[in-house]
Amino acid sequence: MGYNCVVLIKQVPDTKRVTGEAMNPDGTVNRAALPAIFNPEDLYAVELALEIRDRFGGGKVTVITMGPPAACEALRQALYRGADEVVLVTDRRAAASDTLATSYILSCAVRKCGQVDVVLCGRQAIDGDTAQVGPQLAEKLNLPQVTYVEQLQDIKDGVVRIRRNVGNGYEIVEGRLPMLLTVLDTAGHPRPAAARRLMKYKKARAKLELEAAVTAEMPNATAEGKATEVARRLADLQNRGLIIHQWNLDDIKADLQWCGRDGSPTKVHRIQSVILTGKGHKGILPTDEGVAELVTELIEDHTIS
Amino acid sequence: MANFFADNEDIQFLFDHFNLATLADGTEEGYRFAKEFDFAPADAAEAKDNYRRILNVVGEIAGDVVAPTAEETDKVGNVLNPDGSVTYAPGIKESLKRLSQADMMGFTLPYRFGGLNCPNLVYTIANEMISRGDASLMNIFGLQGIAETINAFASEEIKQAYLPRMSSGEWTGAMVLTEPDAGSDLQAVKTSGHDTASEAPAAVWQDAEGNWFVRGVKRFITNGCGEVLLVLARSEPEISDGRGLSLFLVERGPWVKVRRLENKLGIHGSPTCELFFNDAPAKLIGERQRGLITYVMSLMNGARIGIAAQSLGIGEAAWRVARDYASSRKQFGTAIENFPAMRELLVEMNLDLHAARTVNYWASFHVDQEFSALKLLEAGVADKEREKALKTASRKYKRMNTLFTPIAKYYASEMCMRVSMDAIATLGGSGYMKDYPVERHLRDSRITTIYEGTSQLQVIAAVRGVVSGTAESYLEDLAAGNWPEWAVPLVEQLNAGRALLSEAIAFTKAQGGTEYMDLHGRKLVDIAIALLVGFWFCKQGLAKAAKQVVARRWLITRMPEIRKLHSMIMSGDRSAIADFETLAAPVPAGE
């Protein structure tokens, strides 16, 4: 028994550690200058999936990400925390996908997973902050969705009861599985990596990673020799349960016209590089008058209303 | 997103400085576990990589989960419920849950019991980081020596029954040693047999079938509310000293009642319990009569390294607040760190902290070396020459550990009191207020020089290693070899210090008996520590230029200190004993 969960995650630049070189001169994000991290709210989505597995009689947690081979590090992080299977969806033809194309590609990947009871996403990624992929994915999968999930209270006879944040409060909603949830970072705190899983799954690799490693280690080998070595390592990892599955657009039967640049109607009108500079500080007296003055000032400049 | 491993440059440096690969060779027993456990390392490099990753996770938990709850835990403490159970402070409960989820509750236990099979040094680093987050959590996280003791000395049946649930974090333990009249003097654990008076110290008795039961009171028991209690009790009423004591395992149940939680100066998250055992069924650990002299001594040595690690964490936490404050607090138009007196204060704090860390990591390292040699011997060595070498090595390390373990406990705990005091000095009036955490660090620090053996007891243990020649020969080995040009003048000074130490030792021995040695023990130990740290800093300077500056500064302040201590020892003065009644004055008359 139990419920099968699929979690969609993203590796993002750590926008909290922005340094001077974080932006390119053209105003786009310089991803190379920022450390890549697990999108914070996606960790909460993974945690919720693991809770569903642990609390409601098993089931499988599959974690999927779309991105370059470097995103495998985020998938390994998911394995350290308890994911059962992980999948890298990677294809050059998927480059430049906007949220619509991304959600289409991810919907194809979820379909390939077979019977799925719960699809989970973080509310939004810290690099784009659109919060669009989760809801669009639900539409494409034709699933009901509950966004801004803070707590999964119960699942009974296929009906799930959820507490969702509505900004100035919360509401309790019920719905029938299968369903898509987008999860907030006020949900259950993500569990840490488990040391023994860490020691095991640090060796998990996707095929592209093996190919890169073999090329680096055997620069003089023939293409055939390299391919043989990759196949050998792949089989070895397979035996030890250390495979990061790797799917391309053909594997997930994606229609190319909905992928990549062609499938992305978003046109960037203008990118603004806003540089916030500190201009000293202002002392506020710890008196009622001081606080009142501050509040007035904040209302006047529309920081609060 | 704080990480107390990644953000600590000194720990990062020492992690690479110590040869963890040789320790892994011992703990992994030729990497034979890789066949059985898919996560066990296949070679030294992989083991070291695992250690780094493990510490990284601990650092994350310490920074993100433990530290943010420390203030609240200090305020609310633990709760003793009417039914005699104890509810941990919310922060302690949450932290233990996270550490259990991360597989961190069986740090040094074998893989087969769900442990991580880490060397003691790696566990020491983890303990330090946890303590930096909240010193009082270490009193529970750092009790893993109880499981180690079970693993080392109990029967296979007991190991199977308890260790997996301890490494999973489901169960925690307590070392149940002290009684109202038996603190430092554990040999005084009471002799009486089956005693029904509930105030009597705990005693064991046997029924007709040979089953053991514990009855009576134990006091000052850290985490006495835990599930697995190792109780020291007198099994041989006719033997009044330590040889009459055995170690028993009592499982929590209706037969153990927490009667009281102590109201302490600090470490409020650590439940200090008074326990009453009501004919609690007990299982003998290992053999009778070895309870104190073998098992508890072993447990205690590990615990001393643990307290030293706790002290490092407290020192580090206090130091960081002070360093940050000194750079941001402005007086007379400039940051207070720019005033010469403040600079000297901050420099001393940091050097003290680095010195203590070095001492404790070396102490842990040598403990691991002894265990490694013993483990290899246990597994059996075919080659006679190799067997002989291992036996010699294990004896050598054992001798060293009887010196280094008490030195580490003594130095690190005294250090964290000094650093916490100076942190308050740095913050001035603000530091005295509850608004800043340094007053908590000072309160937490105060216990470290007391429990697991007071500083005075550590010195008594350590000074014997100093006068026996162990320290001198270790220092001689450290001094040997070719030093680069920058180090030559430093090593010359240190060698002059060695001569002073030898002279002071010879003088002390010439006084006969142990009274003079115990009177001046602390001075002898302080000289030895100053010299050891001096050499270790020089060795670290070979790998890192900043440590050369540290070594130079260390000698600038410590060489005069060594000369002072030397001249005090050489004076032959016994006035503190001889003129005690005059100098200490008689006991004031009562009302």
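## Basis of the model

Residues are numbered from 1 along each chain as its sequence is written, and chains are lettered from A, with ligands numbered from 1, in the order in which they are written. The model is predicted: local features need pLDDT of at least 70, side-chain atom pairs count only at pLDDT 80 or more, and totals for chains, interfaces and linings use all residues.

## Chain A overall

Chain A has eight helices and 11 strands. Helices (H or I, at least four residues) and strands (E, at least two) are DSSP runs, numbered from the N terminus. The C-alpha trace of chain A spans about 75 × 55 × 45 Å along its principal axes.

Of its 305 residues, 36% count as buried. A residue is buried if 20 or more other C-beta atoms lie within 10 Å of its own, exposed if 12 or fewer, and partly exposed in between; C-beta atoms are placed from the backbone. Two residues are in contact if their C-beta atoms, placed from the backbone, lie within 7 Å. Among contacts in chain A between residues at least 6 apart in sequence, 70% join residues at least 24 apart.

## Helix H1 of chain A

Helix H1 of chain A covers residues 40-55. Its 16 residues should span 22 Å at 1.5 Å a residue, and its end C-alpha atoms are 23 Å apart, which agrees. The expected span is 1.5 Å times one less than the number of residues.

How many of the 16 residues of H1(A) are buried? The count is 12, so the helix is largely enclosed by the rest of the structure. Among them are A:Leu43, A:Tyr44, A:Val46, A:Leu48 and A:Ile52. Charged residues are also on the buried list, including A:Glu41, A:Asp42, A:Glu47 and A:Arg53. Just after the helix, A:Gly57 takes a positive phi of about 75°.

Two loops of chain A are worth a look. A:Pro178 sits in the loop between strand S9 (170-176) and strand S10 (179-183). The peptide bond from A:Leu177 to A:Pro178 is cis, with omega near 0°. A:Asp157 lies in the loop between strand S7 (145-156) and strand S8 (159-165) of chain A. Its phi is near 50°, a positive value in a residue other than glycine. A:Asp157 counts as exposed, with 6 C-beta neighbours inside 10 Å.

B:Asn117 is in the loop between helix H4 (90-101) and helix H5 (120-133) of chain B. With 23 C-beta neighbours inside 10 Å, B:Asn117 counts as buried.

## Chain B overall

Chain B comes to 21 helices and 11 strands. Its radius of gyration is 24 Å, close to the 25 Å that the globule rule gives for 591 residues, so chain B is as compact as a globular protein of that length. The radius is taken over C-alpha atoms, and the rule is 2.2 Å times the number of residues to the power 0.38. The C-alpha trace spans about 75 × 70 × 55 Å along its principal axes.

In chain B, 51% of residues count as buried. Among contacts between residues at least 6 apart in sequence, 73% join residues at least 24 apart. The domain assignment gives domain 1 (173-289) and domain 2 (455-581); such bounds come from an automatic or database assignment. The C-alpha centres of these two domains lie 40 Å apart.

B:Val228 is found in strand S6 (residues 228-234) of chain B. It is buried, with 23 other C-beta atoms within 10 Å. The C-alpha atoms of B:Val228 and B:Trp171, 57 residues apart along the chain, are separated by 7.0 Å.

## The nonpolar core

A nonpolar core is a set of buried Ala, Val, Leu, Ile, Met, Phe, Trp, Tyr and Cys residues joined through C-beta atoms within 7 Å. The largest one has 247 residues, and those with the most contacts inside it are A:Ile105 and B:Val359. Helix H9 (residues 291-328) of chain B gives the largest share, 17 residues. The core draws at least three residues from each of domain 1 and domain 2 of chain B.

Leaving aside neighbours within four places in sequence, B:Val359 is in contact with B:Ile407, B:Ala408, B:Tyr411, B:Ala412, B:Ile529, B:Leu532 and B:Val533.

## Where the chains meet

11 residues of chain A are in contact with 14 residues of chain B. The side of chain A that touches chain B has six nonpolar, no polar and five charged residues. Here Ala, Val, Leu, Ile, Met, Phe, Trp, Tyr, Cys and Pro count as nonpolar, Asp, Glu, Lys and Arg as charged, and the others, Gly among them, as polar.
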